[in-house]
Amino acid sequence: MSDQPICVTQPYLPPLEEFTPYLEKIWANKILTNGGPFHQQFEQALCNHLGVPHVALLSNGTLSLITALQALRVTGEVITTPYSFVATAHALLWHGCEPVFVDVEPRTLNLDPARIEAAITPRTTAIMPVHCYGNPCDTAAIRKIADDYKLRVIYDAAHAFAVQDEGGSVLRHGDLSVLSFHATKVFNTFEGGAIICPDAETKQRIDHLKNFGFVDETTVVVPGINAKMSEINAAFGLLQLQHMPGVMRRRAEIDARYRQQLQGIEGIHCLPQAGQRSANHAYFPVLVQPGYPLGRDALYQKLKDRGIHARRYFYPLIPDFPMYRHLPSADRANLPVATHAAAQVLCLPIYPALTDEQQERIVGVIVEAAA
Ligand code: T4K
């Protein structure tokens, strides 16, 4: 048992028998998709759970990003972070926009507002920051720049489910915020995503966009796509919500134990949970820095040899992928902080079913290598 591989994450699944009644309802009414009863209930339940006014459910986070860009009619250049999962920039390419990479700031590894203005050109229409690892961006500074230059802001909040800052849900910031409910996320519906909207009109436009543009049987108002969440995913989401308090508690415990046990190891720096009233402990990123006897990749390999699959989220940097390398903003010289982070970050396993004994195994390897 103690030799079982440990992955960076493992999805939370409620007891199967709790899901059976939901399936029975779907089997009875034979509504599988296209905005059925579970879809409606789940949207409302999410609004309540997250403390946001409107939620549009979609089939995954990537299509949610693309649909959000479409909803706001974003064009031209969009300022974004080089330090994220590749879907952030891919969404921009799919929508026909040019990502303009701006470096991150060292404390949170989120887009550095101090560097945004220098990257704005007459073609810039929007900013797409990421609340990386669930740490909120400097939303006030980003808002100010967006207001000054009349830019749209779409937050990629794929990591920020249920995160709150001093004023409430972090998802209220920007023109739109996008969530992912992928299997690897804090809150999963197998696959799934959502767009948090400030008003009913925008939500309606997104609802049209995700359903081919249909308003009624014979009216199509926009060239929409099919990005709907199915009833089975929505039903599962409804059930998952009931389990979230326990999931969050366990994640917080694991996070606290890591911080305590890794404290004082030279060259191992735990990224702080910054600017949060309520964190979600989605990831546990550590920076492997000079002073630690092994480099990040050597520690990654050592853990892997012991069956522990930590992950180098986010290496390589997005600008290093072939479809981005040619962009002027992909020049590494302008991205020193992101470049360092991509070379130093290791995300340690964190998920509700991770046992204390497994966590000791993980910390044990890090401590042993330090000795
Ligand atoms: N924006 C940001 C900032 C994102 O991080 C993401 C997704 C998106 C946008 C796009 O949202 P989606 O379109 O995905 O909804 C994973 C996820 O596939 C991806 O959703 C996520 N970010 C990214 C950070 O990580 P991989 O390639 O690391 O996944 P994979 O398959 O290697 O899984 C990691 C570990 O999780 C496995 O070693 C085992 C465990 N696992 C995974 C799956 C899929 C399970 O135990 N069960 C599972 O079903 O990308």
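A nonpolar core is a set of buried Ala, Val, Leu, Ile, Met, Phe, Trp, Tyr and Cys residues joined through side-chain atoms within 4.5 Å, where buried means under 20% relative accessible area with a 1.4 Å probe and protein chains only. The model is predicted, with local features needing pLDDT of at least 70 and side-chain atom pairs counting only at pLDDT 80 or more, while totals for chains, interfaces and linings use all residues. Residues are numbered from 1 along each chain as its sequence is written, and side-chain values use heavy atoms, without hydrogens and water.

**Exercise 1.** Describe the largest nonpolar core and the elements that build it.

*Solution.* Begin with its extent: the core has 60 residues, and Phe-42, Leu-46 and Tyr-83 are among those with the most contacts inside it. H7 gives the most, with 9 residues. Finally, consider the domains, whose bounds come from an automatic or database assignment: the core draws at least three residues from each of domain 1 (16-103 + 110-240) and domain 2 (244-370).

**Exercise 2.** Find the strands at the edges of the open sheet of 7 strands.

*Solution.* Write down the order, S2-S10-S9-S6-S5-S3-S4, with mixed pairing; two strands pair if DSSP finds at least two bridges between them. Strand S2 (54-58) and strand S4 (98-101) stand at the edges with a single partner strand each, so one side of each lacks a neighbour in the sheet.

Note on methods:
Helix = DSSP H or I, 4+ residues; strand = E, 2+ residues; numbered from the N terminus. Buried < 20%, exposed > 50% of the residue type's maximum accessible area, 1.4 Å probe, protein only.
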